[in-house]
Amino acid sequence: MRTSVGLLVLLAVASHTVAKPKNRFTRYPSWNTKMYPIWKDGDPRYKESWKGGKVTFNVGNDSPTLTGAKVTFTIDLEFPHNQKVQPNGDVVWAEDCIVNGTKYYKSEPVYPTENTDWEAVFPDGTPVKKDKRPNYVFVWKAWGQYWQVADDSSSSLTISTDDIPLGSYTMDIVIYHYRSREKFIPLGYASTQFSITDQIPFAVSLDQVNDIVAGDMRFVQNRAIAFTVTLHDPSEYLSNADITFNWDFGDESGALISRELTVTHTYINSGVFKPKVVIQAVIPDKACDPPVDNPTKAPGPPADQGTTVKAPALASAVPLLVFTKSTGLNINMVPSDTEEDNTEDEASTASTTQSPQETPSVAKTPSLINHIMPAQTGLTTGGKRTPTGRAAALVVAKRDANDKPSDDDCFIYRYGSYCAGIEVFEGIEKVEIVQMDNTMMATSDMDKNALDITVTCQGSLPKEVCSVILDAECLKPIHTACNMVEPSKECQLVLRHFFNDSGVYCINVSMANDVSLAATSAKVNVDMGPGLSSHGTIVIVLGVLVLALAVGIVAYTYKRFKSYRPLKEDVIASAGLQPNQPHSCSTASMFWSLLNRRGAVDNCPLLQERPV
C-alpha cells in the first residue's frame with residue numbers, strides 16, 4: 001500500500017513538473033532588460049508597439065539539414081498595408097492617413113531617426129559592429145544557445161550542425177526595434193521548426209514525353225521515362241563528395257549504377273513496377289585535412305551578423321523519450337524547469353564566468369528496420385512542401401550513419417533511398433495518315449472541295465481525335481476540330497474537311513486516351529478543278545466593275561464639257577468654187593488627215609466665214 005501511494009505521489013510530482021507552463025523566451029543573466037525589455041506573450045503593450053497596425057513575421061529555414069552541414073534561418077518583417085520599406089531600410093508611410101487622430105503624410109518616416117550619437121550594443125552588452133545604427137535586433141535561441149543579429153527588416157542566420165544530435169528542433173526568435181536612445185522595443189516572438197538528419201535529403205521526379213496527366217505516376221510502355229534526382233543541399237555540404245546512384249527499375253532489367261542526376265529507362269511491358277534508387281555519398285572528413293601554421297578558430301556566426309551567447313548550465317533535467325525515423329529511439333535530456341525574470345526596470349546583471357551548457361546527451365540505438373517511404377509529391381522543407389517535379393519522395397536512410405569501414409576513417413559515408421509505385425500501360429504507339437481523297441461537292445452558294453483523310457493507329461484505342469489545318473508553312477492554324485471516338489475493334493478513322501480554295505495545306509492529326517497521346521502530320525495539295533475559285537471570281541467581278549465605272553466617268557465628262565460651235569454661212573456656195581479645186585469630204589480623207597496630224601487645218605470646211 002505504501003509502495004502504491006509512493007508511486008502515485010511520484011507520478012503526481014512528475015506530471016506537475018511536465019505540465020508546468022514554460023515561459024516563451026528565457027533571457028540569460030547578462031541581459032540588459034532596461035535597454036531590451038522582455039514582455040510576456042499576450043502583453044497588451046504589443047498592440048501599441050508599432051504605429052499604424054501590427055507587424056507580422058515570416059520566418060523560415062532550409063531544413064531538412066544533413067548532419068555536418070549548415071542550416072540557414074530567415075525572417076522578413078511584414079508591415080501594415082499603409083507603410084512601405086525604403087531602399088535604405090527606413091519604413092515610411094505609403095499614403096496620407098490618420099492613425100489614432102494623428103495626421104501622417106506620404107513618404108514621412110514612421111519613426112524618425114534620432115539620437116544616433118551613441119554606440120549600440122546587443123542585449124548582453126556586446127557592441128554592435130555596424131557602420132550605422134541598427135534598425136532591428138534579432139535574438140535567436142536554440143539548444144540553450146543565443147545568436148544576436150543586428151540587421152534591417154530582412155535578416156538571416158546560418159549555423160553549423162556539427163555535434164548536434166539528430167532530431168527535430170524549434171528555433172525561437174525575439175525581434176526588437178530601435179525606438180530611442182538606449183531603448184529597443186520588442187515587436188513580438190516567432191519560431192520555426194527544423195530537423196537534422198543523417199539521411200541525404202533529395203527528391204526524385206519522373207517525366208515522360210506526351211504524358212497526359214503530370215504527376216499521376218501512370219506511364220506508357222515503349223516510351224522512355226526520365227528519372228531526375230534533385231539533391232537538397234543549400235549549404236553545398238556535398239559539393240566535394242563522391243555521389244553514386246544505384247538504380248533498380250523493378251522490371252528485372254538489372255541494376256544501373258550512375259553518377260548522373262538524370263537517367264532514362266523504357267518499360268517494354270505493361271504492369272505495376274516499383275523503381276528504387278540508393279544514393280551513397282562519400283564525403284571527405286575535414287578532420288583529416290593537414291594542419292596549417294595559423295591557428296584556427298571555432299566556427300561561429302559571421303562578424304557582421306552578431307554574437308553568440310550560451311546560457312548557463314541548468315541544475316536538473318528529466319529524460320524525454322523521442323522517437324525519430326533515423327535512429328529508432330533517442331533519449332534527450334531536457335530542462336525540467338527554467339527561471340525567467342520579467343521585471344523591466346531590473347538592471348542588467350554583472351557578467352560573470354559561467355560554465356557553458358553541454359550539448360544534451362543522446363543515447364542512440366541502431367535503426368530497427370530500414371524503412372522505405374512511399375512516394376510523396378514535394379520536398380519537406382522546414383514544415384513546408386516545395387514542388388520539385390512530377391513525382392517526388394521523402395528520403396530515408398538505407399543504413400545507420402555510423403556504419404562505415406573502420407579502415408577508412410578519413411571519409412564520412414551518408415546514404416539515402418527512394419522507392420515508388422508506378423503503373424505502365426499500353427498506349428497509342430503509332431498514328432499514320434494512309435490515304436487522302438479529294439471530292440468536289442456542289443452547294444447552293446459555291447462549290448466546295450471535300451478532303452477525306454483516312455487515319456490508322458497501333459496500340460490502345462483512342463478516345464478523342466483532333467485535326468488542325470494550317471497554312472503551307474505549317475505555322476498559322478486555319479481550322480481546328482476535335483471529336484470523341486466511338487469504341488471499335490479496329491483503329492481506323494475517316495476525317496472529312498471542306499476547303500473553299502485551292503492550295504497547299506498542312507494537316508496535323510492527334511489521337512489521345514487516358515494515358516497516351518500520339519500525333520502525325522502531312523501536307524496536301526487541294527485542287528478546286530477547272531472552274532474558277534471564289535477568289536478568282538471576286539477579282540474578275542471587281543475588274544469589270546472598275547472598267548464600267550471608268551467608261552461612265554469618261555462619257556459623262558465628254559458630254560458635260562464639250563464646246564458648242566454655231567453653223568456659219570457656206571462661203572463656198574455663195575462665192576462659187578473653181579472648177580479645178582475638188583471639194584470632197586470623204587471618210588478616207590478625214591482619216592488620212594488624222595494620221596498625218598493635220599487636225600488643226602480643216603480641208604473640208606462645211607461653213608467658212610465670209611467677210612462682210
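**First stop: the disulfides**

With a torsion of -95 degrees about the S-S bond, the link of C288 and C410 is left-handed. The model shown here is a predicted one. Select C288 and C410 together: their sulfur atoms are 2.3 Å apart and form a disulfide. C288 lies in the loop between strand 20 (276-284) and strand 21 (306-310), and C410 in the loop between strand 26 (384-386) and strand 27 (411-419), so the pair ties together parts that are 122 residues apart in sequence. C288 is partly exposed, at 35% relative accessibility, and C410 is partly exposed with a relative accessible area of 35%.

How many disulfides does the structure hold? There are four. When the bonded cysteines of the protein chain are numbered in sequence order, the pairing reads 1-2, 3-7, 4-6, 5-8.

Next, select C466 and C482. A disulfide joins these cysteines, with an S to S distance of 2.0 Å. The torsion about the S-S bond of C466 and C482 is about 120 degrees, so this disulfide is right-handed. The pair links distant parts of the chain, with C466 in strand 31 and C482 in strand 32 (residues 477-484), 16 residues apart.

Then select C474 and C506, which are joined by a disulfide with an S to S distance of 1.7 Å. The torsion about the S-S bond of C474 and C506 is about 45 degrees, so this disulfide is right-handed. C474 lies in the loop between strand 31 and strand 32 and C506 in strand 34, so the pair ties together parts that are 32 residues apart in sequence. C474 is partly exposed, at 31% relative accessible area, while C506 is buried, at 4%.

**Second stop: the salt bridges**

Side chains of opposite charge can pair when their charged atoms come close. The count here comes to five salt bridges, and the selections below include some of them.

Select D452 and R496, whose side chains meet in a salt bridge (2.6 Å, N to O). D452 lies in strand 30 (residues 447-459) and R496 in strand 33 (residues 492-499), so the pair ties together parts that are 44 residues apart in sequence. D452 counts as buried at 13% relative accessibility, and R496 counts as partly exposed at 47%.

Move on to D514 and K463, whose side chains meet in a salt bridge (2.9 Å, N to O). This pair links distant parts of the chain: D514 is in the loop between strand 34 (503-512) and strand 35 (517-526), and K463 is in the loop between strand 30 and strand 31 (464-470), 51 residues apart.

E432 forms a salt bridge with K430, the closest N and O atoms being 3.0 Å apart. E432 is partly exposed, with a relative accessible area of 33%, and K430 is partly exposed, with 38%.

**Last stop: the cavities**

The structure holds three cavities of 30 Å³ or more. The largest cavity has a volume of about 180 Å³. The lining of the largest cavity divides into seven nonpolar, four polar and four charged residues.

Key. Residues numbered from 1 in each chain as written. Predicted model: local features only at pLDDT ≥ 70, side-chain atom pairs only at ≥ 80, totals over all residues. Heavy atoms only, no water. 1 Å grid on protein atoms, 1.4 Å probe; cavity = no way out; pocket = protein on both sides within 12 Å on 5 of 7 lines; lining within 4 Å. Points joined across faces, edges and corners; volume = space filled by probe spheres on them. Nonpolar A, V, L, I, M, F, W, Y, C, P; charged D, E, K, R; others polar. Salt bridge = Lys/Arg side-chain N within 4 Å of Asp/Glu carboxyl O. Buried < 20%, exposed > 50% of the residue type's maximum accessible area, 1.4 Å probe, protein only. Helix = DSSP H or I, 4+ residues; strand = E, 2+ residues; numbered from the N terminus. Disulfide = S-S within 2.5 Å.
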